[in-house]
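Let's take a friendly walk through a structure, one piece after another. Have the sequence and the 3D view ready as you read.

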Amino acid sequence: MSDIKIDNVWKEYGDQIVLEKISLEIASRSFVALVGPSGCGKTTFLRLLLGEEAPTQGTITIDGTPLVPEPGADRGVVFQRYSVFPHLTVLGNVLLGKEFQNSPVAARLLGDRRGAAIEEARSLIAEVGLAGAEDKFPAMLSGGMQQRLALAQALIMSPKVLLLDEPFGALDPGIRADIHVLMKKLWHETQLTVVMVTHDLREAFTLATRVVAFERPRDRPEERERYGASLTRDIEIWPPRVAGAPTVFSPDRDDPVTSMGLGRDDPASIVEGVAP
Amino acid sequence: MRWINIRPSRTTTLVLAVLPFALLVAAYLAGSAARLAVNDGDKLLPSLVSLADAINRMAFSPDTRTGDYLLWSDTLASLSRLGWGLAISTLIALVVGMVVGMLPTVRALLAPVIAVIAMVPPLALLPILFILLGLGETAKIALIVIGVAPTMIRDLALKVSELPREQIVKAETLGGSSWQIALRVVLPQVLPRLITSLRLQLGPAWLFLIAAEAISSDAGLGYRIFLVRRYLSMDVIFPYVAWITLLAVLMNVALEALRSGVFPWSNPVRT
C-alpha cells in the first residue's frame, strides 16, 4: 500500500511563493499526471514528494508516516535527463541498487549473490526491452533506450512510489508511443503508485488514472511573486483505468492500438538475432 | 569558401604539425652556422657536432669524478622527486577534493582556506620550506605538493559539484548511503578528471622542481642546467632542456592514454 496524502502544503523560496494550499490525496496504485504551464511549480511539487526539498508549511505522509526529508529507496525516480550513470554499463546501472542494498561498505556484490542479482537485473532489462544491450554504456544508447534503462534501474528496488519528471519529454513521438506502452505494462504488472509531471496533455490522458492541473490563479507580473500556483483541476479519467485490469478502451484511447509486446524503439540497436 | 570551413587533409595536418618544428631547427642551424663563421669559439649556439659531443659526454660516458652517467643519474633524481610530489598531490586532491565537493559542511570549512592557499605564490614559500625542512628531498617534494595540490583540489571539487544533481538524487533513491554514493557514483566519474587535472599540472610541477633544484641540490636535471650555466655550456643546456621537454610530453601522452584506456566512457562523444 502506498497512499500519499498531501495536506495544505506551501512552498516558498524567500519571498517568492511557488505553491500554495496544495491538498491532494493519491490512492495506492493510481497513476497521477501533473500538468500545467511552465514555471507553475509542477517540478517543485515532485521534488517535495521526492524529499529533495521540504515544504515550507503543511505535511506530506505516505501511508500515514511523514515523509523523510531526503530521497530514499521507497520512492524511485526517472528524470528527463541524467537519470542513468554514464560510467556504468546497462547491467551495471541496473545492478547498482542491489549492490547498495546488500553491500554497505564495498557497494559491490561478489560470487553467488552477484549471480543472483545479475539474474534479476537481466530479467528486468529484458522486461523493458533492452535485452542484448547489457554491456553497452548509456552514451551508446538512444534517448528512448536510456529512459527504458532508467525505468529498469528504478524498478529493481521495487519502490512503492515511482516519480516521473517529464521522463518522455525529449523523445520523438514514435519512440514516445512505444515507451508509453511499456510504462502502462509496468504499471499494470508491478505494485507501483505513479506520479508523473508532464507538459504533454495527450500523454497525461493516455497514461493516467487521474489528471491534476497546476495553475497560477493570479499571474499578473506584479502578483507573480506573492501568489503561488495551486490545484485548479482534478480530473478522474472516465471510464476508470484500474491497475492490473484491462480497460474498456484498450490500450490507449487516443492512440492507434499497439501490441503490449516489445516496442519499435530502436530494434536495430538491439543485438542482432535477439531482435523481436 | 569561408576560412572556418576549410579543413586540412590528413597529410596536410601532418605537414602543418611538423612545419614549426622544422622551422625552429632550421633557424637554430642557420643562426649557429652564422655565429660560428664569425667566431669558431662561439658558445651561444653550438653546432650539431658539439651538441652530439656533449650528449655523448653526459649520457654515455661515466663522469671522471663520480663515475656516474650524469644524464641518467640526474634524470633519476629529478623524476623521483617529481613522482613523489605528484603522487602525494594527487592523493590529497582526490580525498580532499571529493570531501569538499560532496559534503556542504566540509566545503564551508575548507573551501575558503584552500582558495587562499592556492593564491600564495609557492616559490615565495621556498625559503620557508628550506628553513623548516632543511635542504634535502623533503623541501623539494613539499614545494611541488604546495604548488600543485591546491589547484588540483579545487579542480576536483568543482568537478564533483558539476555532477548533475539528478544523478545524486537517483543514487539516493536507489538506497545509496553517502559513502556508497562517493564510492560508486562520484569516485569513478571524477577519476578521469583527476588524471586530466594531473596532466595539466605537469607544467607547474616541473617548474617548481627545477626551481628547487636550481637553488639547492647535488643532482637533478635542474641542478645540472644551473651548474653548467656558470661555464656558458649551452651544448649541455640545450640537450637537457630538450630531454626535460621530451619527458614532460611523454608523461602527458601516457596519462592521456591511461585515462582513455581505463575509462573509455569518459572520452568526449563525437557527433
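This is a predicted model: local features need pLDDT of at least 70, side-chain atom pairs count only at pLDDT 80 or more; totals for chains, interfaces and linings use all residues.

Start where the chains meet. The contact draws 26 residues from chain A and 19 residues from chain B. On the chain B side, α7 (165–173) and α8 (178–200) each provide at least two of the residues that touch chain A. What kinds of residues does chain B bring to this side? Eight are nonpolar, seven are polar and four are charged.

Now stay with chain B and look at two of its helices, α4 (residues 104–119) and α6 (residues 137–162). Their axes come within 8 Å and cross at roughly 140 degrees. Angles over 145 degrees would count as roughly antiparallel and those from 65 to 115 as roughly perpendicular, so α4(B) and α6(B) are oblique to each other. The crossing of α4(B) past α6(B) is left-handed. From α4(B), the contact is made by Ile114(B), Ala115(B), Ile117(B) and Ala118(B), and from α6(B) by Pro150(B), Thr151(B), Ile153(B) and Arg154(B). Six of these contact residues are nonpolar, one is polar and one is charged.

Finally, turn to chain A and find a hairpin. Strand β1 (residues 4–13) and strand β2 (residues 16–26) of chain A run antiparallel and are joined by seven bridges. As one example, Val9(A) has Ile22(A) in β2(A) as its bridge partner. Two residues lie between the strands of this hairpin, where Gly14(A) takes a positive phi near 60 degrees.

Definitions and conventions. Residues are numbered from 1 along each chain as its sequence is written. Chains are lettered from A and ligands numbered from 1 in the order in which they are written. Two residues are in contact if their C-beta atoms, placed from the backbone, lie within 7 Å. Helices (H or I, at least four residues) and strands (E, at least two) are DSSP runs, numbered from the N terminus. Ala, Val, Leu, Ile, Met, Phe, Trp, Tyr, Cys and Pro count as nonpolar, Asp, Glu, Lys and Arg as charged, and the others, Gly among them, as polar. Two strands pair if DSSP finds at least two bridges between them. Axes are lines fitted to C-alpha atoms, for helices over the stretch in contact, and angles run from 0 to 180 degrees between N-to-C directions. Angles under 35 degrees count as roughly parallel, over 145 as roughly antiparallel, 65 to 115 as roughly perpendicular and the rest as oblique. A crossing is left-handed if the near helix is turned anticlockwise from the far one by less than a right angle, and right-handed if clockwise.
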